[in-house]
Amino acid sequence: MTTSPPQAAAILVRGLRKTFPHGAKALDGLDLTVPAGGVHGLLGPNGSGKSTTLRTLVGLLRADGGTMRILDREVPDELTAVIDRVGVIIEEPRFFPTMSARTNLRLLGDAIGAPRERVASALDQVGLTPHAGVTVRALSLGMKQRLAIASTLLKDPDVFIFDEPTNGLDPAGIHAVRATIRTLADAGRTVLVSSHNLAEVQQMADTVSIIARGRLLHEGPVSGLIRGGARVRVRLGSGWEDGATVQRGVTALEQAGYTVQADGDALYVSHAGRAVDPSAVARELGRVDVWPSELGSESATLEDAFLALTDGAGLDRPEGSAA
Ligand SMILES: Nc1ncnc2c1ncn2[C@@H]1O[C@H](COP(=O)(O)OP(=O)(O)OP(=O)(O)O)[C@@H](O)[C@H]1O
(Lines give C-alpha, C1' and ligand atoms only; values in the text may rest on other atoms or scores of the structure.)
Protein backbone atom coordinates (compact mmCIF):
# COMPACT_ATOMS: atom_id res chain seq x y z
CA MET A 1 0.00 0.00 0.00
CA THR A 2 1.24 3.51 -0.79
CA THR A 3 0.30 6.58 1.22
CA SER A 4 0.27 10.30 0.56
CA PRO A 5 2.73 12.60 2.39
CA PRO A 6 1.45 14.07 5.66
CA GLN A 7 -0.68 17.19 5.21
CA ALA A 8 -3.52 18.98 7.00
CA ALA A 9 -6.40 16.53 7.17
CA ALA A 10 -10.06 17.53 7.31
CA ILE A 11 -11.04 13.93 8.03
CA LEU A 12 -8.83 11.28 9.56
CA VAL A 13 -9.91 7.67 10.04
CA ARG A 14 -7.70 5.00 11.55
CA GLY A 15 -8.33 1.27 11.88
CA LEU A 16 -12.11 1.53 11.46
CA ARG A 17 -13.91 -1.77 11.93
CA LYS A 18 -17.55 -2.68 11.47
CA THR A 19 -19.18 -6.09 11.26
CA PHE A 20 -22.93 -6.19 10.78
CA PRO A 21 -24.94 -8.39 13.14
CA HIS A 22 -25.48 -11.24 10.67
CA GLY A 23 -21.76 -11.39 9.97
CA ALA A 24 -20.89 -9.18 6.98
CA LYS A 25 -17.49 -7.60 7.70
CA ALA A 26 -18.00 -4.20 6.07
CA LEU A 27 -14.90 -2.41 7.43
CA ASP A 28 -11.74 -4.29 8.24
CA GLY A 29 -9.32 -1.76 9.76
CA LEU A 30 -9.95 1.06 7.27
CA ASP A 31 -7.62 4.07 7.20
CA LEU A 32 -8.69 7.26 5.43
CA THR A 33 -7.01 10.64 5.20
CA VAL A 34 -8.97 13.42 3.52
CA PRO A 35 -6.80 16.52 2.98
CA ALA A 36 -8.32 19.91 3.82
CA GLY A 37 -9.54 21.71 0.68
CA GLY A 38 -10.43 19.99 -2.60
CA VAL A 39 -12.47 17.01 -3.71
CA HIS A 40 -11.48 13.64 -2.27
CA GLY A 41 -12.94 10.58 -3.96
CA LEU A 42 -13.75 7.49 -1.90
CA LEU A 43 -13.60 4.91 -4.64
CA GLY A 44 -14.38 1.24 -4.43
CA PRO A 45 -16.40 -1.57 -5.97
CA ASN A 46 -19.98 -2.22 -4.82
CA GLY A 47 -20.03 -3.56 -1.28
CA SER A 48 -16.48 -2.38 -0.50
CA GLY A 49 -17.63 -0.36 2.52
CA LYS A 50 -18.00 3.21 1.19
CA SER A 51 -21.50 3.87 2.58
CA THR A 52 -20.65 2.18 5.87
CA THR A 53 -17.62 4.48 6.22
CA LEU A 54 -19.62 7.64 5.54
CA ARG A 55 -22.56 6.61 7.72
CA THR A 56 -20.20 5.79 10.58
CA LEU A 57 -18.41 9.14 10.19
CA VAL A 58 -21.61 11.12 10.65
CA GLY A 59 -22.97 9.02 13.51
CA LEU A 60 -25.62 7.00 11.65
CA LEU A 61 -23.80 3.75 12.47
CA ARG A 62 -21.62 2.79 15.42
CA ALA A 63 -18.17 1.34 14.65
CA ASP A 64 -16.82 -1.74 16.43
CA GLY A 65 -13.37 -0.18 16.67
CA GLY A 66 -10.99 2.44 15.32
CA THR A 67 -10.82 6.23 15.56
CA MET A 68 -12.29 9.05 13.48
CA ARG A 69 -11.65 12.79 13.48
CA ILE A 70 -13.49 15.49 11.55
CA LEU A 71 -11.91 18.97 11.61
CA ASP A 72 -9.77 17.84 14.54
CA ARG A 73 -12.68 16.67 16.67
CA GLU A 74 -13.02 13.09 17.78
CA VAL A 75 -16.24 11.57 16.43
CA PRO A 76 -18.76 10.36 17.40
CA ASP A 77 -17.92 11.70 20.91
CA GLU A 78 -17.54 15.33 19.78
CA LEU A 79 -19.88 15.15 16.79
CA THR A 80 -22.24 17.79 18.17
CA ALA A 81 -19.34 20.26 18.31
CA VAL A 82 -18.55 19.80 14.63
CA ILE A 83 -21.73 18.73 12.86
CA ASP A 84 -22.76 22.32 12.02
CA ARG A 85 -19.58 22.60 9.95
CA VAL A 86 -20.37 19.44 7.97
CA GLY A 87 -22.87 19.21 5.11
CA VAL A 88 -24.08 15.66 4.58
CA ILE A 89 -26.03 13.94 1.81
CA ILE A 90 -26.23 10.23 2.56
CA GLU A 91 -29.86 9.38 2.15
CA GLU A 92 -32.26 10.84 -0.39
CA PRO A 93 -33.25 14.23 1.01
CA ARG A 94 -36.95 14.92 1.53
CA PHE A 95 -38.51 18.11 0.25
CA PHE A 96 -42.13 19.27 0.08
CA PRO A 97 -43.01 18.40 -3.55
CA THR A 98 -45.68 21.04 -4.05
CA MET A 99 -43.55 23.90 -2.74
CA SER A 100 -40.89 25.72 -4.68
CA ALA A 101 -37.17 25.11 -4.31
CA ARG A 102 -36.84 28.51 -2.63
CA THR A 103 -39.68 27.91 -0.16
CA ASN A 104 -38.25 24.52 0.80
CA LEU A 105 -34.88 26.12 1.53
CA ARG A 106 -36.50 28.96 3.49
CA LEU A 107 -38.37 26.48 5.70
CA LEU A 108 -35.21 24.44 6.25
CA GLY A 109 -33.15 27.57 6.91
CA ASP A 110 -35.70 28.84 9.46
CA ALA A 111 -35.68 25.44 11.17
CA ILE A 112 -31.91 25.55 11.73
CA GLY A 113 -31.78 29.32 12.37
CA ALA A 114 -29.80 30.17 9.24
CA PRO A 115 -29.79 33.81 8.09
CA ARG A 116 -32.39 34.39 5.32
CA GLU A 117 -29.79 35.66 2.83
CA ARG A 118 -28.18 32.20 2.86
CA VAL A 119 -31.11 30.86 0.82
CA ALA A 120 -30.37 33.08 -2.18
CA SER A 121 -26.65 32.45 -1.84
CA ALA A 122 -27.13 28.65 -1.63
CA LEU A 123 -29.40 28.64 -4.72
CA ASP A 124 -26.82 30.71 -6.53
CA GLN A 125 -23.90 28.46 -5.61
CA VAL A 126 -25.60 25.40 -7.07
CA GLY A 127 -26.85 27.24 -10.16
CA LEU A 128 -30.55 26.93 -9.27
CA THR A 129 -31.45 30.62 -9.07
CA PRO A 130 -33.32 30.52 -12.43
CA HIS A 131 -35.41 27.59 -11.13
CA ALA A 132 -35.93 28.85 -7.56
CA GLY A 133 -39.67 29.36 -8.09
CA VAL A 134 -40.29 25.92 -9.62
CA THR A 135 -42.06 23.34 -7.45
CA VAL A 136 -39.80 20.51 -6.33
CA ARG A 137 -41.89 17.88 -8.08
CA ALA A 138 -41.25 19.65 -11.40
CA LEU A 139 -37.47 19.68 -10.96
CA SER A 140 -35.32 17.09 -12.73
CA LEU A 141 -33.47 14.53 -10.58
CA GLY A 142 -30.22 16.41 -11.15
CA MET A 143 -31.82 19.67 -10.03
CA LYS A 144 -33.23 17.94 -6.94
CA GLN A 145 -29.76 16.70 -6.11
CA ARG A 146 -28.39 20.23 -6.51
CA LEU A 147 -31.19 21.44 -4.24
CA ALA A 148 -30.02 18.85 -1.72
CA ILE A 149 -26.51 20.33 -1.96
CA ALA A 150 -28.02 23.82 -1.55
CA SER A 151 -29.77 22.63 1.62
CA THR A 152 -26.40 21.60 3.10
CA LEU A 153 -25.05 25.07 2.21
CA LEU A 154 -27.55 26.75 4.55
CA LYS A 155 -25.19 25.87 7.41
CA ASP A 156 -22.25 27.32 5.45
CA PRO A 157 -20.14 24.22 6.20
CA ASP A 158 -16.40 23.69 5.68
CA VAL A 159 -16.68 19.98 4.91
CA PHE A 160 -19.15 18.08 2.75
CA ILE A 161 -19.79 14.35 2.82
CA PHE A 162 -21.73 13.07 -0.18
CA ASP A 163 -22.56 9.38 -0.77
CA GLU A 164 -22.77 8.63 -4.51
CA PRO A 165 -24.38 12.01 -5.31
CA THR A 166 -24.72 11.37 -9.04
CA ASN A 167 -26.39 7.96 -8.71
CA GLY A 168 -29.40 7.64 -11.00
CA LEU A 169 -28.88 10.99 -12.74
CA ASP A 170 -28.85 11.50 -16.50
CA PRO A 171 -25.65 12.80 -18.15
CA ALA A 172 -26.75 16.46 -17.91
CA GLY A 173 -27.59 15.99 -14.22
CA ILE A 174 -24.27 14.25 -13.57
CA HIS A 175 -22.40 17.08 -15.26
CA ALA A 176 -24.22 19.77 -13.27
CA VAL A 177 -23.74 18.02 -9.90
CA ARG A 178 -20.07 17.39 -10.66
CA ALA A 179 -19.58 21.06 -11.60
CA THR A 180 -21.32 22.12 -8.38
CA ILE A 181 -19.03 19.90 -6.31
CA ARG A 182 -15.97 21.37 -8.06
CA THR A 183 -17.23 24.89 -7.32
CA LEU A 184 -17.49 24.07 -3.61
CA ALA A 185 -13.92 22.77 -3.57
CA ASP A 186 -12.59 25.65 -5.63
CA ALA A 187 -13.95 27.97 -2.93
CA GLY A 188 -11.59 26.24 -0.46
CA ARG A 189 -13.98 23.70 1.04
CA THR A 190 -13.41 19.98 1.49
CA VAL A 191 -15.69 17.53 -0.29
CA LEU A 192 -15.52 13.81 0.47
CA VAL A 193 -17.52 12.05 -2.20
CA SER A 194 -17.99 8.31 -2.62
CA SER A 195 -18.30 6.70 -6.01
CA HIS A 196 -17.86 3.42 -7.82
CA ASN A 197 -17.61 5.38 -11.05
CA LEU A 198 -13.96 5.66 -12.03
CA ALA A 199 -14.41 8.14 -14.83
CA GLU A 200 -16.31 10.41 -12.48
CA VAL A 201 -13.63 10.41 -9.80
CA GLN A 202 -10.98 10.99 -12.43
CA GLN A 203 -12.81 14.07 -13.70
CA MET A 204 -13.84 15.53 -10.36
CA ALA A 205 -11.40 14.61 -7.59
CA ASP A 206 -8.01 16.00 -6.61
CA THR A 207 -7.16 13.09 -4.33
CA VAL A 208 -8.53 9.61 -3.95
CA SER A 209 -8.73 6.68 -1.54
CA ILE A 210 -9.28 3.35 -3.21
CA ILE A 211 -10.86 0.76 -0.94
CA ALA A 212 -11.86 -2.87 -1.34
CA ARG A 213 -13.29 -5.30 1.20
CA GLY A 214 -13.29 -2.64 3.89
CA ARG A 215 -9.58 -1.81 3.64
CA LEU A 216 -7.57 0.99 2.07
CA LEU A 217 -5.58 -0.08 -0.99
CA HIS A 218 -4.18 3.23 -2.13
CA GLU A 219 -4.41 6.89 -1.23
CA GLY A 220 -2.98 9.98 -2.89
CA PRO A 221 -3.38 12.49 -5.70
CA VAL A 222 -5.39 11.29 -8.68
CA SER A 223 -2.65 12.53 -11.00
CA GLY A 224 0.04 10.53 -9.16
CA LEU A 225 -2.07 7.42 -9.30
CA ILE A 226 -2.53 7.72 -13.04
CA ARG A 227 1.19 8.34 -13.58
CA GLY A 228 2.00 5.34 -11.42
CA GLY A 229 -0.16 3.22 -13.68
CA ALA A 230 1.51 4.25 -16.92
CA ARG A 231 1.77 1.30 -19.26
CA VAL A 232 3.59 0.30 -22.41
CA ARG A 233 1.85 -0.52 -25.67
CA VAL A 234 3.52 -3.22 -27.75
CA ARG A 235 2.27 -3.12 -31.32
CA LEU A 236 2.29 -6.53 -32.96
CA GLY A 237 3.77 -6.48 -36.43
CA SER A 238 4.66 -9.01 -39.11
CA GLY A 239 5.78 -12.29 -37.64
CA TRP A 240 3.31 -11.89 -34.77
CA GLU A 241 0.53 -13.64 -36.74
CA ASP A 242 2.17 -16.68 -35.26
CA GLY A 243 0.29 -17.32 -32.00
CA ALA A 244 3.25 -19.17 -30.52
CA THR A 245 5.46 -16.07 -30.85
CA VAL A 246 2.86 -13.92 -29.14
CA GLN A 247 2.50 -16.46 -26.36
CA ARG A 248 6.29 -16.63 -25.91
CA GLY A 249 6.38 -12.85 -25.50
CA VAL A 250 3.45 -12.79 -23.08
CA THR A 251 4.92 -15.58 -20.96
CA ALA A 252 8.30 -13.83 -20.78
CA LEU A 253 6.70 -10.58 -19.68
CA GLU A 254 4.49 -12.28 -17.09
CA GLN A 255 7.46 -14.18 -15.70
CA ALA A 256 9.22 -10.81 -15.33
CA GLY A 257 6.31 -9.63 -13.13
CA TYR A 258 4.32 -7.61 -15.67
CA THR A 259 0.58 -7.78 -16.29
CA VAL A 260 -0.19 -8.23 -19.98
CA GLN A 261 -3.51 -7.54 -21.68
CA ALA A 262 -4.06 -8.29 -25.37
CA ASP A 263 -6.29 -5.87 -27.25
CA GLY A 264 -6.59 -6.00 -31.04
CA ASP A 265 -3.15 -5.84 -32.60
CA ALA A 266 -1.43 -4.68 -29.41
CA LEU A 267 -0.36 -5.91 -25.99
CA TYR A 268 -0.66 -3.54 -23.03
CA VAL A 269 2.02 -4.11 -20.43
CA SER A 270 1.51 -2.71 -16.94
CA HIS A 271 2.94 -3.15 -13.48
CA ALA A 272 0.81 -2.46 -10.38
CA GLY A 273 1.89 0.68 -8.58
CA ARG A 274 4.72 1.78 -10.85
CA ALA A 275 5.45 3.14 -14.28
CA VAL A 276 6.68 0.75 -16.96
CA ASP A 277 9.87 1.49 -18.86
CA PRO A 278 9.53 0.61 -22.60
CA SER A 279 13.21 -0.33 -22.89
CA ALA A 280 12.83 -2.85 -20.05
CA VAL A 281 9.87 -4.40 -21.89
CA ALA A 282 11.90 -4.55 -25.12
CA ARG A 283 14.72 -6.26 -23.22
CA GLU A 284 12.42 -8.98 -21.84
CA LEU A 285 10.94 -9.62 -25.29
CA GLY A 286 14.37 -9.65 -26.93
CA ARG A 287 15.53 -12.34 -24.49
CA VAL A 288 13.00 -14.74 -26.02
CA ASP A 289 13.64 -13.54 -29.57
CA VAL A 290 10.41 -11.57 -29.93
CA TRP A 291 10.64 -8.27 -31.79
CA PRO A 292 7.64 -5.90 -31.79
CA SER A 293 6.96 -3.52 -34.67
CA GLU A 294 6.37 -0.63 -32.27
CA LEU A 295 6.74 0.13 -28.56
CA GLY A 296 5.16 3.16 -26.97
CA SER A 297 4.58 4.56 -23.51
CA GLU A 298 0.99 5.35 -22.67
CA SER A 299 -0.50 7.16 -19.75
CA ALA A 300 -3.00 4.86 -18.13
CA THR A 301 -6.40 5.90 -16.88
CA LEU A 302 -7.54 5.76 -13.29
CA GLU A 303 -9.44 2.67 -14.34
CA ASP A 304 -6.20 0.89 -15.22
CA ALA A 305 -4.74 1.81 -11.86
CA PHE A 306 -7.93 0.70 -10.11
CA LEU A 307 -7.94 -2.63 -11.91
CA ALA A 308 -4.31 -3.24 -11.07
CA LEU A 309 -4.99 -2.50 -7.39
CA THR A 310 -8.22 -4.43 -6.98
CA ASP A 311 -7.67 -7.22 -9.50
CA GLY A 312 -10.86 -5.94 -11.12
CA ALA A 313 -12.94 -7.20 -8.19
CA GLY A 314 -16.55 -6.13 -8.54
CA LEU A 315 -15.72 -3.17 -10.72
CA ASP A 316 -18.78 -1.41 -12.02
CA ARG A 317 -17.95 0.13 -15.37
CA PRO A 318 -19.91 3.30 -16.02
CA GLU A 319 -21.36 3.76 -19.47
CA GLY A 320 -18.96 5.53 -21.75
CA SER A 321 -15.88 4.95 -19.56
CA ALA A 322 -12.70 3.62 -21.10
CA ALA A 323 -12.78 -0.15 -21.42
N1 LIG B 1 -27.37 -2.55 7.32
C2 LIG B 1 -26.62 -3.57 6.92
N3 LIG B 1 -26.81 -4.80 7.42
C4 LIG B 1 -26.03 -5.83 7.03
N5 LIG B 1 -25.04 -5.75 6.13
C6 LIG B 1 -24.80 -4.54 5.58
C7 LIG B 1 -25.58 -3.39 5.94
N8 LIG B 1 -25.11 -2.32 5.23
C9 LIG B 1 -24.10 -2.80 4.47
N10 LIG B 1 -23.91 -4.12 4.68
C11 LIG B 1 -22.88 -4.97 4.05
O12 LIG B 1 -21.61 -4.38 4.31
C13 LIG B 1 -20.78 -4.44 3.16
C14 LIG B 1 -20.36 -3.03 2.75
O15 LIG B 1 -21.52 -2.34 2.29
P16 LIG B 1 -21.51 -0.80 1.89
O17 LIG B 1 -22.93 -0.43 1.58
O18 LIG B 1 -20.80 -0.01 2.92
O19 LIG B 1 -20.63 -0.81 0.57
P20 LIG B 1 -20.53 0.27 -0.60
O21 LIG B 1 -19.11 0.30 -0.99
O22 LIG B 1 -21.17 1.54 -0.16
O23 LIG B 1 -21.37 -0.41 -1.74
P24 LIG B 1 -22.34 0.24 -2.86
O25 LIG B 1 -21.45 0.92 -3.85
O26 LIG B 1 -23.02 -0.96 -3.41
O27 LIG B 1 -23.27 1.18 -2.12
C28 LIG B 1 -21.56 -5.19 2.11
O29 LIG B 1 -21.21 -6.56 2.20
C30 LIG B 1 -23.01 -4.98 2.53
O31 LIG B 1 -23.81 -6.05 2.10
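Modeller: Two strands pair if DSSP finds at least two bridges between them. Strands (E, at least two residues) and helices (H or I, at least four) are DSSP runs, numbered from the N terminus. This is a predicted model: local features need pLDDT of at least 70, side-chain atom pairs count only at pLDDT 80 or more, and totals for chains, interfaces and linings use all residues. Residues are numbered from 1 along each chain as its sequence is written.

Colleague: What is the order of the open sheet of four strands?

Modeller: The order is E2-E1-E4-E5, with antiparallel pairing.

Colleague: Why do strand E2 and strand E5 stand at the edges?

Modeller: Strand E2 (25-35) and strand E5 (73-75) each have a single partner strand, so one side of each has no neighbour in the sheet. Neighbouring strands of this sheet are turned by 25 degrees against each other on average, direction ignored. Axes here are lines fitted to C-alpha atoms, for helices over the stretch in contact, and angles run from 0 to 180 degrees between N-to-C directions.

Colleague: How do you know that E1 and E2 pair?

Modeller: Strand E1 (residues 9-19) and E2 share eight antiparallel bridges. Pairing asks for at least two. One example is Ala9, whose bridge partner in E2 is Pro35.

Colleague: Why is Met99 called partly exposed?

Modeller: A residue is buried with 20 or more other C-beta atoms within 10 Å of its own, exposed with 12 or fewer, and partly exposed in between; C-beta atoms are placed from the backbone. Met99 has 15 such neighbours, so it counts as partly exposed. Met99 is in the loop between strand E6 (86-89) and helix H3 (101-112).

Colleague: Which residues does Met99 touch, not counting those up to four places away in sequence?

Modeller: Asn104, Thr135 and Val136. Contact means C-beta atoms, placed from the backbone, within 7 Å.

Colleague: What makes up the shell around the ligand, by class?

Modeller: Three nonpolar, eight polar and one charged residues. Ala, Val, Leu, Ile, Met, Phe, Trp, Tyr, Cys and Pro count as nonpolar, Asp, Glu, Lys and Arg as charged, and the others, Gly among them, as polar. The shell includes Phe20, Lys50 and His196. A residue is near a molecule if its C-beta atom, placed from the backbone, lies within 6 Å of it. Helix H1 (residues 50-57) gives the largest share, three residues.

Colleague: What is the average pLDDT of the chain?

Modeller: The average is 86, and 86% of the residues score at least 70. pLDDT is the predictor's confidence in each residue, from 0 to 100. Over residues 314-323 the pLDDT is below 50.

How values were computed:
Two residues are in contact if their C-beta atoms, placed from the backbone, lie within 7 Å.
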